Amino acid sequence: MFDIIVKGGTLPDGRITDIGIEAGRIKAIGSLDADAGEVIDATGDLVSPPFVDPHFHLDATQSYGTPRINVSGTLLEGIGLWGELKEVMTVGDMVTRALTYCDWAASMGLLAIRSHVDTCDDSLKGVEAMLHVKDAVKAYIDLQLVAFPQDGLYRDPTARTNTIRALDMGVDVVGGIPHFERTMADGAASVRDLCEMAATRGLRVDMHCDESDDPMSRHIETLAYETQRLGLQGRVNGSHLTSMHSMDNYYVSKLLPLIAEAEVSAVPNPLINIMIQGRQDTFPKRRGMTRVKEMQAHGITVGWGQDCVLDPWYSLGTADMLDVAFMGMHVAQMSSPDEMAHCFDMVTHQNAAIMGLEDYGLHVGATASLVILDAANPIEALRLRAARLCVIAKGRVISRTPRMDAALTIPGRPETIRRRHQVQ
């Protein structure tokens with residue numbers, strides 16, 4: 001007897017099948033004629049592995065307007081504002097806001113998050129708070145924490161010591177922000193230093209890298225080099241990489257093979273990148289999206305990240321990775337059917353690979369975490385930003401949402417409208 005059987009759902013690859021769940025694992029996939037504690041009818045609906053966000057700032061979420069708003073909308077004012085916010089927030093504030101966001105995430109089928117945690121604070125309040133949250137949500141969300149020296153590993157006088165303290169406290173991943181150091185040389189040195197920390201401890205690296213309109217911000221080159229030098233292939237990610245939008249094409253033709261050879265992945269954050277970048281431009285105005293399709297053509301693993309929700313850098317957001325993929329699809333001009341379907345894969349399998357998630361996916365033996373969407377296929381899920389009809393986390397139903405049908409009162413027209421496309 002199964003705990004749950006999901007009947008007749010359509011998988012992202014188009015297969016129509018049943019999924020049997022027992023003891024938190026997927027035990028069977030196929031036509032199942034068996035008893036179950038609960039049978040969920042997914043006929044005609046898309047059944048997907050859970051959404052994954054490999055780049056977020058959980059310590060800052062839902063702080064928008066405290067103590068003020070980011071008037072210029074720039075990255076630098078946001079960093080300055082975050083410095084003011086750190087002075088007034090408490091561990092309890094951060095825990096409450098982060099847990100509320102995790103509630104949102106659970107309802108949207110977002111069940112794995114990598115969150116950067118500021119380590120430029122001698123009290124390490126954010127680290128303490130996020131470690132508490134990680135433990136509190138572990139039954140339904142896999143939360144990875146990144147030790148992130150927001151004000152610069154060398155620019156802030158105690159950041160390096162506090163980053164090491166955070167890693168000693170149990171933070172999972174080594175982060176950095178080389179483009180915010182005082183010089184390019186310091187930025188490159190910080191990349192070397194942080195990668196060596198990760199290599200010594202056997203940890204992954206996720207670096208805020210070249211989040212700038214300056215085409216001479218080229219720390220991704222150093223990150224790729226250090227990855228190879230230290231044998232970190234497959235464990236390193238470069239986030240943002242917005243300067244690549246402005247780089248000379250000849251230089252990029254050399255850079256992309258280096259990134260691919262080092263097996264460094266990339267996470268652009270389309271909602272925030274196109275909102276923050278190009279603020280000093282008149283027209284033409286750069287939007288700051290890195291070279292997504294060009295990287296993919298070189299075999300580089302590329303995902304989409306949320307980055308921010310209601311914080312000093314971004315005043316919107318809903319924990320919906322389909323929103324993120326929808327915006328990325330437009331800005332990266334990924335409009336063919338294969339490219340659109342791949343955008344869905346970027347917020348599921350590609351992001352899971354970047355985070356190194358084990359037992360992820362829809363296969364026998366995988367963790368029984370999945371989402372049933374009010375859509376027929378991945379492209380329709382993106383078009384509609386489809387309702388998450390049911391979310392199952394580690395073998396337990398944790399959220400249900402009704403179909404978003406509309407009732408019409410127009411003479412001669414249907415009484416109920418569902419925006420799903422009906423193929424004739």
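Which residue forms a salt bridge with arginine 229? Before I answer, a word on the basis of this presentation. The model is predicted, so local features need pLDDT of at least 70 and side-chain atom pairs count only at pLDDT 80 or more, while totals for chains, interfaces and linings use all residues. Residues are numbered from 1 along each chain as its sequence is written, and side-chain values use heavy atoms, with hydrogens and water left out.

The partner of arginine 229 is glutamate 226, with the closest N and O atoms 2.7 Å apart. By salt bridge I mean a side-chain nitrogen of Lys or Arg within 4 Å of a carboxyl oxygen of Asp or Glu. Both residues belong to helix H6, residues 219–229, and are three residues apart, about one turn of the helix. Helices (H or I, at least four residues) and strands (E, at least two) are DSSP runs, numbered from the N terminus. Glutamate 226 is buried, at a relative accessible area of 2%, whereas arginine 229 is partly exposed, at 40%. Here buried means under 20% relative accessible area, exposed over 50%, and partly exposed in between, with a 1.4 Å probe and protein chains only.

Let me turn to the other salt bridges. A search of the whole structure gives 28 of them. In one, arginine 160 pairs with aspartate 193, the closest N and O atoms being 2.7 Å apart. Arginine 160 sits in helix H4 (residues 159–169) and aspartate 193 in helix H5 (residues 184–201), so this pair ties together parts that are 33 residues apart in sequence. Arginine 160 is partly exposed, with a relative accessible area of 34%; aspartate 193 is buried, with 11%.

Another salt bridge joins the side chains of arginine 403 and aspartate 374, at 2.8 Å from N to O. This pair links distant parts of the chain, 29 residues apart: arginine 403 is in the loop between strands S15 (396–400) and S16 (406–407), and aspartate 374 is in the loop between strand S13 (370–373) and helix H12 (378–384). Arginine 403 counts as partly exposed at 31% relative accessibility, and aspartate 374 as buried at 7%. Both belong to a network of salt bridges that also links Asp45, Glu380, Arg383 and Arg420.

I come now to the nonpolar side chains. In soluble globular proteins, such side chains tend to be buried together. A nonpolar core is a set of buried Ala, Val, Leu, Ile, Met, Phe, Trp, Tyr and Cys residues joined through side-chain atoms within 4.5 Å. The largest one has 99 residues, and Leu58, Tyr101, Met130, Val133, Leu223, Met244 and Trp304 touch the most other members. Helix H2, residues 91–107, gives the most to this core, with seven residues. A second, separate core of 18 residues includes Ile4, Leu11, Leu362 and Ala368.

Leucine 223 has contacts (heavy atoms within 4.5 Å) with residues including Val191, Cys195, Met207 and Val264, not counting residues up to four places away in sequence.

Finally, the chain as a whole. Its secondary structure comes to 12 helices and 17 strands. Of its 424 residues, 56% count as buried. Residues 24 or more positions apart account for 76% of the contacts with a separation of 6 or more. The C-alpha atoms fill a box of roughly 65 × 45 × 45 Å, taken along the principal axes.
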